[in-house]
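Subject: Structure handover and notes

Dear colleague,

I am passing on the structure that I have been working through, and I would be glad if you could read the notes below with the model open beside them.

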Amino acid sequence: MKDSDSAQQQLSLYTEAWSQTDDHLPLHTSIVLFLLSYCELNSVRVFLVCNTAVSTEAWRRRRTKLPQAVDVCCVSVEDVPPLVKGCRLPAAVDGTGQLCRAGLAVVLRHVINKTMEDDPSKNNVLSLLGFKKTCLKACAEVSKWTRLCEIDIPFAVEEHLQNPTNPNQQLPSAITVLERRLSEPVKVHNDDKIRRQKLKEQKQDKRNEFPTALGETNPESKPGQSSESSAELELRAALARLSVAAVPRLTSRENSEIRKVKTADLPPLEHVFAEGLYFTLTDVVLLPCIYHYLYSLQAHAASVLPCLPHLLRWYSRVQQVPGVPRAAEDCGLNLSILHLPTPNHPAPSVGDEPHPDPGQEEMSEQLPFVGGPRPTMTKLKENGIEAVFTPHPCPAWTLPWDSLPEAINPTEGKMSNVRAVRKMQQLNNLVAMVTKLARPGYIVVDFCSGSGHVGIVLAHTLPHCQVVLIENKEESLVRAQRRSAQLGLKNIGFIQANLDYFTGPFHIGVALHACGIATDMVMEHCIQAQAAFVISPCCYGFIQNAVKFTFPKRWVRVVCSTWETASSVDLFRLYANRSGSRD
């Protein structure tokens, strides 16, 4: 088992190489290399995937612009591991070749976790994951903020860099959204103390500005004290968290005048970094993008940059974070070369209406709806939508649970006995349908696989098929991989990624209780791949509008199993067509 664990710890990271026409690295690659340098993680080998061969002279010239401490080499597309070929880059694969992590946010978060495994003392790296370690954890398909940082801004800057001399110089919409976000006050965990300190410093500034009636200066004022001290309070608090030397600590207790002020009347806090007061993974993602964007605007700085005061201030503050200048220089980003105007904008007034934190999603208001199978069916019936039930296609078929290895049984997934029995019934239904559709050599994908209840059974039952488990939660997928290793399965692979990052071909798609709109995403993925699918949805009474999907749909077609007893009708086909026609 130790050999297996050591093999899993070996990490190879694959990302896109330069274009054929210039030495410009794709922004996703620049971001990955910048984080590796910032974390000082040397135990990862980076492979730049090239479509054409790179000459020795070109490689020698380009290698000088890559982090010298990072092991980097070029590889052709043909030499990329099979699991990586089925994913969008960047992607990282462990030493076994069975577990792949794909997508920018997923890979970056794994780099941070890998760094902490190697050196748990790097608290500055751990803090990149933010409060409760949720920074960029939400899928881009449902999170507007993750989509903005992971996809929209890098792609908008890439498109801009292809035409940097555009005379119109219209700001990309993603950049304007970021500028607006940075202008909003922020709400952070336990910010009351910082806001009271800000109020105290604002009052102190006013006393320093207006002498007493006798012409005496305030005895608490200090020579040379700036009237803008309160405006930099957020930055001092942020840097203090990073343990920067010579940063004054906030006072432990305020005077009675400050303590009596209601929380609603305290001054709001300004953005220091992208998600609020603290430097996180989001800032790591944005820095290479904004650097290249600002660098391309130098010829038009006078007309464009005044429109981005908050972005310029953010750019200036990021450079004060320990480790950032070093990592940027290591990656060929000369942050100080940009001659930018000094950002100057008024702080928001105390009476301004607070805005939500950028990490909080803006969900559209929806009427409350009682979910569950029976209320859902009742609501469909009230709206003239017909549910057609069909007999079970394989009524006598069942998995031989008594003779199967213990690691396949759902009870191994740490669930109650009642739930385990219900899960076994569901597995019977899905595996029966997949077995009927599968042929030797088929690729079967278990979407939203969780800890592998469906995928592991399929891999054991269909030894002549290749089974791939796709799940966004790392802890669930690692548990599934361990169960698979106990069984010695060789026809199984694991991908930690959002659905959009899986691009490989497959023949059958499976999903058991993919939550909410994830079921719709799986169906769309299967339809685009022209693959059959066997799906049991979940929480259809609680679906909400998101970035990629809005409801109601014009029509829905679902094949699913009920969660009733095995003696009930187990499979039904639901045709829902709001226009009145039937599929």
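What follows is a description of the chain as a whole and then of some local features.

This is a predicted model, in which local features need pLDDT of at least 70 and side-chain atom pairs count only at pLDDT 80 or more, whereas totals for chains, interfaces and linings use all residues. Residues are numbered from 1 along each chain as its sequence is written, and side-chain values use heavy atoms, with hydrogens and water left out.

**The chain as a whole**

The protein chain has 20 helices and 13 strands, where helices (H or I, at least four residues) and strands (E, at least two) are DSSP runs numbered from the N terminus. Of the 583 residues in the protein chain, 49% are buried; buried means under 20% relative accessible area, exposed means over 50%, and partly exposed covers what lies in between (1.4 Å probe, protein chains only). Among the contacts in the protein chain with a separation of 6 or more, 74% come from residues 24 or more positions apart, a contact being heavy atoms within 4.5 Å. The accessible surface of the protein chain is about 29200 Å², and carbon and sulfur atoms account for 52% of that surface; the areas come from the Shrake-Rupley method with a 1.4 Å probe, and for residues only the protein chains shown count as cover.

**Salt bridges**

With a salt bridge taken as a side-chain nitrogen of Lys or Arg within 4 Å of a carboxyl oxygen of Asp or Glu, the count comes to three. One of them joins the side chains of Asp71 and Arg45, at 3.4 Å from N to O. Asp71 belongs to strand E3 (residues 71-76) and Arg45 to strand E2 (residues 44-50), so this pair ties together parts that are 26 residues apart in sequence. Asp71 is partly exposed at a relative accessible area of 38%, and Arg45 is likewise partly exposed, at 38%.

Another salt bridge is formed by the side chains of Arg101 and Glu474, at 2.8 Å from N to O. Because Arg101 lies in strand E5 (residues 99-102) and Glu474 in helix H19 (residues 474-487), the pair ties together parts that are 373 residues apart in sequence. Arg101 is buried, with a relative accessibility of 5%.

Glu184 and Arg180 also form a salt bridge, with their closest N and O atoms 3.2 Å apart; here Glu184 is buried at 9% relative accessibility, while Arg180 is partly exposed at 41%.

Helix H8 (residues 173-182) packs against helix H14 (residues 309-318) at an angle of about 75°, with the axes 8 Å apart. That angle makes H8 roughly perpendicular to H14, given that angles under 35 degrees count as roughly parallel, over 145 as roughly antiparallel, 65 to 115 as roughly perpendicular and the rest as oblique. The axes are lines fitted to C-alpha atoms, for helices over the stretch in contact, and the angles run from 0 to 180 degrees between N-to-C directions. On the H8 side the contact involves Ile175, Leu178, Glu179 and Leu182, which meet Pro309, His310, Leu311 and Trp314 in H14.

Helix H18 (residues 453-461) is largely enclosed by the rest of the structure, because seven of its nine residues are buried. The buried residues in H18 are His453, Val454, Gly455, Ile456, Val457, Leu458 and Ala459, and what covers them includes helix H17 (417-437), strand E7 (443-447), strand E8 (466-471) and H19.

Asn429 is found in helix H17 and is buried, at a relative accessible area of 5%. Asn429 and Trp397 are 32 residues apart in sequence, and their C-alpha atoms are 8.6 Å apart in space.

**Backbone details**

Most residues other than glycine have a negative phi, and most peptide bonds are trans. The peptide bond from Leu89 to Pro90, however, is cis, with omega near 5°, and Pro90 sits in the loop between helix H4 (82-85) and strand E4 (91-94). Leu136, a residue other than glycine, has a positive phi near 55°; Leu136 is placed in the loop between helix H6 (123-126) and helix H7 (144-161) and is buried at 6% relative accessibility. His513, also not a glycine, has a positive phi of about 60°; His513 lies in strand E10 and is partly exposed, with a relative accessible area of 23%.

With best wishes
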